[in-house]
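Let's walk through this model together, from its overall make-up down to a few individual residues. Keep the sequence beside you as we go.

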Amino acid sequence: MSWKWEYPFGAEAAARTAPAAFLSGVERRADELVRAAEALHVHGRAHEGIGPRGGDIIVPGGMFTYQVVVRSERVYVVQITCLGF
């Protein structure tokens, strides 16, 4: 398995209605998070202990909240907030 990012649950539905420019910013930053997590947790499936904290990232047009799950080798974009201006 390799590292990826994805929208879980309701964030995927919200992403369908968000502006394309905002979503491209979210996707670009999520890709950066994946590269960083992959470099930090080379053997993610074998990870033991507490996982890293998630956080909020500001992008043009809004922000998103993410969570890293090391053993699944995933970065989840759990909430997006598009300000629309």
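The protein chain carries 9 positive and 9 negative side chains, where Lys and Arg count as positive, Asp and Glu as negative, and His and the chain ends are not counted. The centres of the two sets lie 1 Å apart, with each charge placed at NZ of Lys, CZ of Arg, CG of Asp or CD of Glu.

A word on where these values come from: this is a predicted model, in which local features need pLDDT of at least 70 and side-chain atom pairs count only at pLDDT 80 or more, while totals for chains, interfaces and linings use all residues. Residues are numbered from 1 along each chain as its sequence is written, and side-chain values use heavy atoms, with hydrogens and water left out.

Now for the fold. The protein chain has two helices and four strands, arranged from the N terminus as β-α-α-β-β-β. These elements are DSSP runs numbered from the N terminus: helices are H or I of at least four residues, strands are E of at least two. The C-alpha trace spans about 40 × 20 × 20 Å along its principal axes. For 85 residues, a compact globule would have a radius of gyration near 12 Å, and the 13 Å of the protein chain agrees with that; the radius is taken over C-alpha atoms, and the globule rule is 2.2 Å times the number of residues to the power 0.38.

How much of the protein chain is buried? Buried residues make up 36% of the 85, with buried meaning under 20% relative accessible area, exposed over 50%, and partly exposed in between (1.4 Å probe, protein chains only). The accessible surface comes to about 5400 Å², and 56% of that belongs to carbon and sulfur atoms; the areas come from the Shrake-Rupley method with a 1.4 Å probe. Among contacts with a separation of 6 or more, 59% are between residues 24 or more positions apart, a contact being heavy atoms within 4.5 Å.

Let's zoom in on W3, in the segment before β1 (4-6). W3 counts as buried because its relative accessible area is 7%. Beyond its neighbours within four places in sequence, W3 is in contact with V34, A37, E38, H41, V68, V69, V70, E73, R74 and V75.

Two of those partners deserve a visit of their own. E73 lies in the loop between β3 (62-69) and β4 and is buried at 5% relative accessible area. Although E73 is not a glycine, it has a positive phi of about 55 degrees. R74 belongs to strand β4 (residues 74-82), and its 11% relative accessibility makes it buried. What does the side chain of R74 make a polar contact with? The partner is the side chain of E6, at 3.2 Å. A polar atom of the R74 side chain also lies 3.2 Å from the backbone oxygen of S2. A polar contact here is a pair of N or O atoms within 3.5 Å; within protein, one must be able to donate a hydrogen and the other to accept it, and residues adjacent in sequence count only if both atoms are side-chain atoms.

Finally, consider two glycines. G55, in strand β2 (residues 55-59), is buried with a relative accessible area of 19%. Leaving aside neighbours within four places in sequence, G55 is in contact with F64, T65 and Y66. G84 sits in the segment after β4 and is exposed, at 64%. G84 and G61 are 23 residues apart in sequence, with 6.1 Å between their C-alpha atoms.
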